[in-house]
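This report goes through a protein model and its ligand.

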Amino acid sequence: MIVLGIETSCDETAAALVEADGDSPSGRILSNVVLSQLDDHAPYGGVVPEIAARAHLHHLDRLVRQALAEAGLGLDRVDGVAATAGPGLIGGVMVGVMTAKAICAVRGLPFAAVNHLEGHALTARLTHGVPFPFLLLLVSGGHCQLLAVEGVGRYRRLGTTIDDAVGEAFDKSAKLLGLGYPGGPLMEKAARSAADPDRFDLPVPMKGRPGFDFSFSGLKTAVRRHAEALGSPTDRDVADLAASFHRAVGDSLVDRCDRAIKAFRADHPQGRTLVVAGGVAANQMLRGRLQALCAKRGFDFVAPPHALCTDNGAMIAWAGLERLRLGLRDGLDFAPRPRWPLDPQAKAAPFAGAKA
Ligand code: KG4
Ligand code: ZN
């Protein structure tokens, strides 16, 4: 089975083709074309929804053609089309969904409306064939969640952030330190050149608290206070503060994941894998911390390759393929959803103005 996947929910315009044999838990990427709009948004220090939607509209047709050309396939070889149908910036999501629906209508192909988070969640199956159930730490620009992934479309949320997402904390802290956007990779680069990673005493959010929730806004405020106290920080100050930030984030993620592993094991005795996914999963320092935790707890640790952690079309094509081969097709009347929790039973995050 071959599926075309389209991703347009934030600031990457992406199209990809993936293939799987029968009900194999893993797949092959035939092409994966990603156009980052970074330069369009960088002057504003964040993603501008209207600029993003226009750029998706401008580039998407060409990227779909490019994905087909790189795979050496025509649409006649494609068995279905998947698009991110939420959550995300609604203007962009509509561009991707309408494009996918149009192809499906013209070619008589089945359509899969994919939850962007399900795309991140199932990537570790595409790349590593991870069996269900597994524990998932989803860390991106808009999300920070721990989920028990029991099957395609079957997610149980253990915890979420009560304020900022972890990627958001990276981006905002980077901005405070004058590092630019997006903050994650720039913070990581700065932290690598730190002379004294323990120099700044930053709070470790939620450490030791019951439950599995996260919180990152206090940490960001602590970074601001240190940055202000430094006045005009030198490169060394920035590097040390970025490294201290990594340590605090790592300590918090390890504390939360350790608790979640214990709870997950009790409910799913056959589960033995922690998967980390989403843009922040590209961070090598954090991966190292989580890997060490898993080694200590006798758990397998799986992180998709860097390029498949940040937004891409292959993850959407794969989630669509997993859905379509189970017969889960969506109607062409499916309406895009700006908010779309993976676990509909989970209580809404206990804060106002939450991202989807
Ligand atoms: O999954 P993603 O590409 O888009 C969302 O769905 O949010 O994640 C983007 C987020 C941004 O906040 C970015 O700063 C962060 O992932 N990120 C990183 C790294 N690379 C990207 N954070 C920490 N370290 C990185 N190396
Ligand atoms: Zn994402």
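## Ligand surroundings

Ligand 1 is surrounded by 20 residues, the closest being Gly141, Asp171, Glu188, Gly279 and Asn283. A residue is taken as near a molecule or strand if one of its heavy atoms lies within 4 Å of it.

His120 places a polar side-chain atom 3.2 Å from an oxygen atom of the ligand.

## Basis of the values

The model is predicted: local features need pLDDT of at least 70 and side-chain atom pairs count only at pLDDT 80 or more, while totals for chains, interfaces and linings use all residues. Residues are numbered from 1 along each chain as its sequence is written, chains are lettered from A and ligands numbered from 1 in the order written, and side-chain values use heavy atoms, without hydrogens and water.

The protein chain splits into domain 1 (2-127 + 308-324) and domain 2 (133-306), with bounds from an automatic or database domain assignment. Their C-alpha centres are 26 Å apart. Domain 1 brings 21 residues to the contact and domain 2 brings 22, where contact means heavy atoms within 4.5 Å.

About 1,700 Å² is buried between the domains, 73% of it from carbon and sulfur atoms; buried area is the accessible area (1.4 Å probe) that two parts lose on being put together, summed over both. On the side of domain 1, Leu117, Ala121 and Cys309 lose the most area to domain 2, together 31% of what that side buries. Between the domains there are 7 residue pairs in polar contact (both at pLDDT 80 or more) and 0 salt bridges.

## Salt bridges

A salt bridge is a side-chain nitrogen of Lys or Arg within 4 Å of a carboxyl oxygen of Asp or Glu. By this rule the count is 21. One of the pairs is Glu50 with Arg54, whose closest N and O atoms are 3.1 Å apart. Both residues lie in helix H2 (residues 49-71), 4 residues apart, about one turn of the helix. Helices (H or I, at least four residues) are DSSP runs, numbered from the N terminus.

Notes
Polar contact = N/O pair within 3.5 Å; in protein donor to acceptor, adjacent residues only side chain to side chain. Helix = DSSP H or I, 4+ residues; strand = E, 2+ residues; numbered from the N terminus.
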